[in-house]
Amino acid sequence: NQESKEVFIKRSKILKEIRNFLDGRGFMEVETPMLVSNAGGAAARPFETHYNALNEDVKLRISLELYLKRLIVGGLERVYEIGRVFRNEGVDTRHNPEFTMLEAYCACGDFETMANMVEELICHLAEKFCGGLQIDHKDAEGNVLYTIDLSRPWKRADYQDLIRGVAGEDWFDISPEARRARCEELGVEISPDMKDVDVSQQVYEKLVEEKTMNPCFVTHVAKDLVPLAKLNRENPDVVDVYELVINGQEISPGYSELNDPDVQKERLEHQAAGETQRVDYDFIETLEYGMPSAGGIGIGIDRVVMMLTGASSIRDVLLFPQLKRKDS
């Protein structure tokens with residue numbers, strides 16, 4: 001139908017404008033492998049396949065990060081890639097097994113400089129394609145459900161402070177058992193085998209993220225959640241990152257990138273919980289050659305298009321979304 005057609009015309013123009021924005025700031029677009037021996041850069045279950053010619057098992061990438069950082073080490077100071085990534089996980093209104101991600105890395109940057117760039121980029125897109133910084137999201141009858149206000153400057157908020165605000169000021173002082181009991185009181189579902197850090201993350205996602213419509217940079221996340229980011233100098237239990245939330249979902253994470261190979265090895269091995277085959281030791285070796293301080297971002301292209309077009313489901317902004325087969 002015509003309405004759906006207009007969404008995909010706008011999506012194509014948005015992608016072109018993102019490239020223009022980054023190209024104009026000295027970034028170079030690159031392409032990196034989709035089939036990899038180690039699917040790193042995020043905590044997600046990969047799809048697996050097999051190279052017949054090499055008789056080797058490989059995976060589809062779950063992130064663009066590790067190869068782009070290799071290019072920073074190799075002397076390409078500003079790089080980005082827009083490409084498909086694949087995660088063998090759930091399907092819902094915000095998730096599709098394959099989706100489009102932008103990742104960009106800038107030598108001598110940090111999470112704050114990258115946050116400023118993302119804020120400028122998204123406001124630029126809104127003004128160009130929505131006619132301003134107020135974006136109405138409507139129901140099927142055309143009634144306005146809510147309005148996203150992208151007026152600058154965007155809010156910054158500490159991750160732990162936000163959790164305390166919804167779960168109690170004593171949240172991080174009580175025992176893990178008490179936190180689990182409080183989750184039941186708060187109506188937040190958790191699984192028995194969930195790590196304590198993930199319990200806090202679940203509270204954040206359900207009671208903070210999903211209720212945040214206007215832009216908010218959530219900063220200084222627990223280090224165990226982001227093993228590829230630099231530790232904060234004042235509080236080594238958190239990392240120098242932001243998670244940009246708009247429209248009730250994460251739109252973009254950004255890091256001050258960890259460039260110490262010894263610390264990176266330790267944290268990736270800790271994340272792998274003894275399964276060393278999940279650690280990309282080739283990437284760690286690359287860091288040993290010397291990676292400058294750098295800032296990095298990821299942007300979920302599909303979610304940005306949802307925000308800018310008023311779509312309520314990711315399926316509405318994908319030309320051929322994954323759907324359950326009629327005969328299954």
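I started at Gly75, which follows helix H2 and has a positive phi, near 105 degrees. Helices here are DSSP runs of H or I with at least four residues, strands are E runs of at least two, and both are numbered from the N terminus. I noted that this is a predicted model, where local features need pLDDT of at least 70, side-chain atom pairs count only at pLDDT 80 or more, and totals for chains, interfaces and linings use all residues. Residues are numbered from 1 along each chain as its sequence is written, and side-chain values use heavy atoms, with hydrogens and water left out.

**Helix H2**

Next I looked at H2 itself, residues 65-73. Seven of its nine residues are buried, so H2 is largely enclosed by the rest of the structure. Buried means under 20% relative accessible area, exposed means over 50%, and partly exposed lies in between (1.4 Å probe, protein chains only). I listed the buried ones: Glu65, Leu66, Leu68, Lys69, Arg70, Ile72 and Val73. What covers the buried residues of H2? I found that the cover includes strand S5 (78-86), S6, S12 and helix H8 (281-288).

**The sheet**

I then traced an open sheet of eight strands with mixed pairing, in the order S1-S5-S6-S13-S12-S11-S10-S9. Two strands pair if DSSP finds at least two bridges between them. At the edges I found S1 (28-29) and S9 (155-158), each pairing on one side only. Inside the sheet I checked S12 (residues 249-256) and S13 (residues 294-300), which run antiparallel and are joined by three bridges. One pairing I wrote down is Gly254 with its bridge partner Ile297 in S13.

Which helices lie across these strands? I saw H4 (residues 159-167) across S9 and S10 (216-219), running at about 80 degrees to S9. H9 lies across S6 (98-107), S11 (241-246), S12 and S13, at about 60 degrees to S13. For such angles, axes are lines fitted to C-alpha atoms, for helices over the stretch in contact, and the range is 0 to 180 degrees between N-to-C directions.

**Val221**

Is Val221 buried or exposed? At 0% relative accessibility, Val221 counts as buried. I placed Val221 in the loop between S10 and S11. Leaving aside neighbours within four places in sequence, Val221 is in contact (heavy atoms within 4.5 Å) with Tyr159, Val226, Val238, Val239, Val241 and Glu243. I also noted that its C-alpha atom is 7.9 Å from that of Asp158, 63 residues apart along the chain.

My cut-offs: under 35 degrees is roughly parallel, over 145 roughly antiparallel, 65 to 115 roughly perpendicular, and the rest oblique. From H1, the contact uses Val7, Lys10, Arg11, Ile14, Leu15 and Ile18, and from H9 it uses Ile301, Asp302, Val305, Leu308 and Thr309. I sorted these contact residues into seven nonpolar, one polar and three charged. Nonpolar covers Ala, Val, Leu, Ile, Met, Phe, Trp, Tyr, Cys and Pro; charged covers Asp, Glu, Lys and Arg; the others, Gly among them, are polar.

My other pair was H5 (residues 176-186) and H6 (residues 196-207), at about 25 degrees with axes 10 Å apart. That makes H5 roughly parallel to H6. Here Pro176, Arg179, Arg180, Cys183 and Leu186 of H5 meet Asp196, Val199, Ser200, Val203 and Leu207 of H6. The H5 and H6 contact divides into six nonpolar, one polar and three charged residues.
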